[in-house]
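Here are my notes on the model you sent. Please read them with the structure open.

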Amino acid sequence: MGPNAETEFGHMDKDDRKGTGPENVFWNTTAPTGIYRLCFDQYDFTIPANASNPITVTFEIQKLGAATQTLTKEFSSLARIQVSTTTIKIPLTNNDWQISSPNLTARGRIPGSIHTILLASNLIEDPYYGYNDVNQRYLIYQNWTFQTNFTLTKDQLQMTNFELVLEQIDTISSVILNDCQLGNTSSMFFTYVFNVTETFCQLKEGNNELKIEIQSPIQYALQQSLLYPYYVPPNCTDSKSHGECHYQFIRKEACSFSWGWGPAFAPMGITGDIYLQATNTKDTSQINFDLFGVNVKKSFDINDSNCWHVDFYLKFSENPFQQSNTYQTIHFRLLHTNWTYTLNLSSLTFPNANYESASTTVDIPSHHIKLWWPNSYGDQYLYEFQVEYQSQLKTKRIGFRTIELVEEDYTDLGLNGTSFYFKVNNQTIFIKGSNWIPADAFQERITREYLERLLYSTAEANINMLRVWGGGVYESDDFYELTDQLGIMIWQDFMFSDSLYPTNNAFLQDIQNEISFQVNRLKSHPSIAIWSGNNENEAGISKRYSGYHIPDVDRPKYENDYRLLYVHLILVLVETLDPTRPFVTSSPSNGWETVKENYIADDPQSPLYGDVHYYNDKVDPWNYTYVPISRFLSETGLQSMPSLETLLQITNDSKDLSFESPLMRHRQHNVRDGQKQLLLEMMFNLPLPLTNDSLQNFTLLIYLSQINQAMYIKTHSDHCRRYSSRSMMNKNNSQGHTMGLMYWQLNDIWQAPTWSSIEYGGKWKMSHYYAKQVYQSVYVLPILEPYLTYDGTSLVKIYFINEKFNGTHGQVHCQINDFHSFTPHLRLTFDVNMNSTDVKILKEIPYQELLRQSECSNATDCILGCSYSEDFENNYEQILFFTQPKNYQLQNPQLQILSVKNRTQIDFDITFTIQYPALFLWFDVFGVKGRFNENGFHLFQTNKTITYSTWIPSTPAQVHQGLTFQTLYDVTNVI
């Protein structure tokens, strides 16, 4: 039987990696069957089983988007190689699975689901193409059988205990081994482990057959809803979503039944790893153990303690005290430091009499470690923590940081309500965030490379928190490893959204298994910042907002069910398993005020407590006076269209490429008339195209929709940031001290009109470039108050926002320009000296006086731009429109590309010139995936160079060939 080793072999210094950033590393030899892992700092490598000691290793390193480099290094300290014959893993993920329904059969690879296997077999079209979300619906109305055969040798069968492990299965299934019922699955949210040895099922020498019979999720959810003793609202999603019903009755990705931005594929399949694990319990010389949980904690005042406390949770394959005293110690190491600790087994805490699980806490002096910080606030130091028992080594990657959700009253100011903000390492953090949804309808298609692109794009936009939304899935280990590395904090919803849920015993048992599994899996990640019980369910059940129309006589029953699930079960479990992080029962919620009101607040959307979700597509989206002044805005957003390049992935029919074509309306899942609503929202501030060319009209409307969404995000971010100061709270209504914004939504699940700032496939919309601007750590913000009002009371206020802990010192430069020349009408300069994080008003200028000084006759003649310079570096210019841009008389910028030159294989400088000022300059590169350093900007100088960074190596010719550009002038000046 093959050896199995999972261990630490050595360390590769950062300078050996020839650069920084994500790297894919491949050995130039092929390892035999089995798992062999070599951990270098933060990276895993596969090595051959016959490695000698010392060993000279040659491997290839490919930095994301760069050329492959070969590196040779000798390692002499391989003493920790452990080869164990007590455990073997027999993979069942391969290309030799058969799937079958009453009228279809195919062979394919696992992980996989019926759609992806049928697509790979050329039996169906791309599910994302055209109307296939509806045309292929018949596939999920029937049951499917997944079947494979595997071979076991006589030697392998000498092992005494066999377990079948399914890391993720979607969803309702019967597992049959050699015609013997092994077990059932009823949730995609935790790993199933079936002990074959403890059942009547038998494994055989030679051929074995495994069948997994998966039930239609649609039929199952319907059956469960009919069997339940009373109605659990709602029944179905809105008809415009073309979805399915009763998603709350199955522990499956809720949005797979459709949502306001996604399709109803409701996949069926084996979407995670599946394998047979065998152990030899007769080998009394070794007891296997596992490190299944780590908590890192410290006093919130990090100056009060010289130590960090690390809680460890261990599992043993059997009672470790049954052995002799040879292996009665356990060793702890913080790799790449000199800290070690040895503990006698008798010092562990064993909660059960079988002694198969244990916990302990070790203290690590602070001088051994460096802190982990959120993105843009500091570095993300990560450490491999190693536990050794009986020469077996287990590691967890951890970071050292504190996290606190501060909910304090304002009695010192004489104001109502409580705060809602985060402190990390005892420093107040303004949350600049977004909301994350599943990156694909089919989980098995989400690669680490794709997650890298999405999450690197997140970090580049200065985002420091993502909310993993409760209608999707708990994300993969790759996802959380990347957020740890990038400093992206995670607001982790549990998977409940926009519905009430059943509370029968079987359902609650699945929930208990789910919460225990996910909290233990994720709690070692420093990026996990907060747990949240659900998405919008407190608001859903509250009298004030409920859309469920619950009769008063039935309300106590539903409210008790709500508290049973989120308070008595989930809250209690989370506080037991992870007392180091805050927990809120819902989002939005009133925080501690919700607790005082027995977990269902009268107004869960109160601006004086907790977090708020805000949408209003009936008003001017650029008018900040409509934006609530809340403590924390955890959801708000506006739709836009994806690019033409992205839409060409779903159709080759020119008739589909118009704004209100049947296909665009089919993809538009907004419960109101979404395409019409998009047009109405644009018309508040932007001109509509004047062209008879259908495709050009469509392209320009896409462009305008993205401008509108970008300005919405800017408007709402600006509003939140200027009201973030505690000292600027409104004395009359107690509003203000807004300490975070998470716009809806970051990414897309498919190609459609949605609220995302990144399209399906990874292309940035204009709104993502604007998020990058408005989420800067230092930020100058010109505002006209009251909004677009021009009487004697109107003021132009220049706000300055600093989030650098050590302060900032520089100058704000403002100028007023017209649209006919590059010569400013007026220049203004303000010194900035801020020694700490704060918001200040640098200057208040009467609007009429500003126009008089700049010799601008009215609001349509001029525009104000302000930027900040520090240490000879300028940040992005922020523009104040004195009127809606549709009122401007623009000149043709006559933009010309002067050159496209490469600085590296992935970085290309594009230099261009213009003859007149330009608004909303938008560049794109067809056929070459990447992103610009800035885009959608305004230009009041004759020439500029921008940089396009591709995800993989390219050439100047390829970039130049695909390069296109647009300005606002083009909208109304094309026929």
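1. Tyr389 stands opposite Gln392 in strand S26. Strand S25 (residues 383-389) runs antiparallel to S26, and the two pair over seven bridges. Pairing here requires that DSSP finds at least two bridges between two strands. Two residues lie between the strands, and Gln390 takes a positive phi near 50°. Five of the seven residues of S26 (residues 392-398) are buried, so this strand is largely enclosed by the rest of the structure. Buried means under 20% relative accessible area, exposed means over 50%, and partly exposed lies in between (1.4 Å probe, protein chains only).

2. A word on the basis. This is a predicted model, where local features need pLDDT of at least 70 and side-chain atom pairs count only at pLDDT 80 or more, while totals for chains, interfaces and linings use all residues. Residues are numbered from 1 along each chain as its sequence is written, and side-chain values use heavy atoms, leaving out hydrogens and water.

3. The overall count. The chain has 17 helices and 54 strands. Both are DSSP runs numbered from the N terminus: helices are H or I with at least four residues, strands are E with at least two. Of the 975 residues, 62% are buried. Take contacts (heavy atoms within 4.5 Å) between residues at least 6 apart in sequence: 71% of them join residues at least 24 apart.

4. Which residues have the most contacts inside the largest nonpolar core? They are Phe146, Leu164, Ile212 and Phe920, in a core of 252 residues. Helix H13 (residues 694-722) gives the most to this core, with twelve residues. A second, separate core has 28 residues, including Trp339 and Phe385. A nonpolar core is a set of buried Ala, Val, Leu, Ile, Met, Phe, Trp, Tyr and Cys residues joined through side-chain atoms within 4.5 Å.

5. Look at Pro753. This residue sits in the loop between strand S39 (740-743) and helix H14 (766-774). Pro753 is buried, at 1% relative accessible area. Its C-alpha atom is 4.5 Å from that of Met641, 112 residues away along the chain. Leaving aside residues up to four places away in sequence, Pro753 touches Met641, Pro642, Met664 and Arg667, among others.

6. Salt bridges. The structure holds 37 of them, each a side-chain nitrogen of Lys or Arg within 4 Å of a carboxyl oxygen of Asp or Glu. One joins Glu481 and Arg448, with the closest N and O atoms 3.1 Å apart. This pair links helix H5 (residues 477-486), which holds Glu481, to helix H4 (residues 448-460), which holds Arg448; the two residues are 33 apart. Glu481 is partly exposed at 28% relative accessible area, and Arg448 is partly exposed at 26%. Arg448, Glu452, Asp478 and Glu481 are linked in a network of salt bridges.

7. Now compare the ends of another pair. Asp909 and Arg903 meet in a salt bridge of 3.0 Å, N to O. Asp909 is buried, with a relative accessible area of 17%. Arg903 counts as exposed, at 52%.

8. Three strands form an open sheet in the order S10-S18-S13, with antiparallel pairing. Its edge strands are S10 (112-113) and S13 (169-170), each pairing on one side only. S10 and S18 (residues 269-270) pair over two bridges. Ser113 has Gly269 of S18 as its bridge partner.
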